[in-house]
Amino acid sequence: MAAQTTQSWKIGDVTITQFVELTFEGLEAFLPLATPEAVLPIEWLNPHFITPEGVLKFSIHALVIETPTKRIIVDTCVGNDKPREMFPDWHMLQTSFLKDLEGAGFAPESFDVVLCTHLHLDHVGWNTMLKNDSWVPTFPNARYLIERTEFDYVNEEQEADEVEQWLKDSNRDVLIDSIKPVLEAGLVDLVSNDHQVCDEVRLVPTPGHTIGHVSVSIESKGEAGLITGDFIHHPCQLAHPEWSVTSDYDPAQSVVTRNQAFEQLADSPTLVIGTHWPEPTAGWIVRENDVFKLETTDD
Ligand SMILES: [Zn+2]
């Protein structure tokens with residue numbers, strides 16, 4: 001797989017660096033209301049976030065946060081060697097993700113914290129890696145922070161009846177190969193949904209996509225940033241906060257969360273970094289004629 005470009009952003013004394021694992025187009029079945037007819041009229045989505053045909057573009061990437069005292073990785077993508085039969089493009093994946101990270105000066109041993117916004121397969125994959133036929137923690141010196149209700153839900157397999165079977169199966173696979181090995185190594189800290197990670201970084205509750213979903217707030221020297229996680233998957237949801245993905249645990253709550261977050265962020269200087277947004281990946285939410293849109297760094 002071709003090496004991906006790396007972007008980085010500054011929030012005061014904090015640097016955030018992106019490591020892309022995969023980019024792809026499509027997922028119509030996953031965000032069914034975002035048809036080409038519905039997204040093509042949203043002009044600012046073109047060219048970064050949709051193709052000329054109105055197909056959505058996505059990215060799977062990790063975001064490395066460096067504060068003056070901590071090195072943190074937020075969301076660890078799909079990972080290599082993971083059996084994911086129900087997602088053929090992600091099944092037994094082989095990418096240069098870890099080598100890219102290491103090559104840029106981020107050795108796995110150097111991380112203090114691994115932060116998962118939620119426990120879906122594309123956010124926890126590199127929590128572990130395959131070594132001598134077993135799953136071992138990729139970041140052996142890090143504390144892995146997991147929101148407590150999110151952990152209980154997956155660990156106790158408390159899935160609600162309305163959750164689709166494929167998602168239950170996926171959560172179980174993830175538990176076995178990407179959560180239990182770090183738990184058994186004693187590396188997991190269960191935390192609250194507003195946990196302060198260090199002076200500059202804290203969790204913000206953004207429930208709906210999953211039960212204990214969190215976003216990550218960064219504040220330093222009067223500047224602010226927010227890593228979304230999956231409370232929003234694609235920038236088109238700024239224009240349509242009511243569009244939910246089929247894998248939302250509570251679609252109604254996810255709409256409430258998006259509306260609240262956009263209201264708060266609109267016309268603020270907070271740099272919003274999207275967990276699945278393709279390049280340029282970050283921007284500012286603005287309100288225009290009562291509709292939200294994203295202003296990107298190259299606008
Ligand atoms: Zn995701």
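This is a predicted model: local features need pLDDT of at least 70, side-chain atom pairs count only at pLDDT 80 or more; totals for chains, interfaces and linings use all residues.
Leucine 31 lies in the loop that runs between β2 (14-25) and α1 (36-39). Because 22 other C-beta atoms fall within 10 Å, leucine 31 counts as buried, the cut-off being 20 or more. Its C-alpha atom is separated by 14 Å from that of alanine 239, a residue 208 places away along the chain.

| Residue | In contact with |
|---|---|
| Leucine 31 | Leu56, His233, His234, Trp243, Val245 |
| Leucine 115 | Ile72, Val74, Leu145, Val197, Val216 |

The largest nonpolar core holds 65 residues, of which Ile65, Val74, Val114 and Leu115 touch the most other members. Strand β3 (residues 57-66) contributes the most to this core, with five residues. A second, separate core has eleven residues, including Val39, Leu45, Leu56 and Trp243. Leu56 and Trp243 are also among the contacts of leucine 31. In soluble globular proteins, nonpolar side chains tend to be buried together.

Seven strands form an open sheet with mixed pairing, in the order β10-β11-β12-β13-β14-β15-β16. Its edge strands, β10 (196-198) and β16 (291-296), each pair on one side only. On average, neighbouring strands of the sheet are turned by 30° against each other, direction ignored. Within the sheet, β13 (residues 223-227) and β14 (residues 271-273) pair in the parallel sense over three bridges. Isoleucine 227 has isoleucine 273, in β14, as its bridge partner.

Note on methods:
Residues are numbered from 1 along each chain as its sequence is written. Helices (H or I, at least four residues) and strands (E, at least two) are DSSP runs, numbered from the N terminus. A residue is buried if 20 or more other C-beta atoms lie within 10 Å of its own, exposed if 12 or fewer, and partly exposed in between; C-beta atoms are placed from the backbone. Two residues are in contact if their C-beta atoms, placed from the backbone, lie within 7 Å. A nonpolar core is a set of buried Ala, Val, Leu, Ile, Met, Phe, Trp, Tyr and Cys residues joined through C-beta atoms within 7 Å. Two strands pair if DSSP finds at least two bridges between them. Axes are lines fitted to C-alpha atoms, for helices over the stretch in contact, and angles run from 0 to 180 degrees between N-to-C directions. Lists of a residue's contacts leave out its neighbours within four places in sequence.
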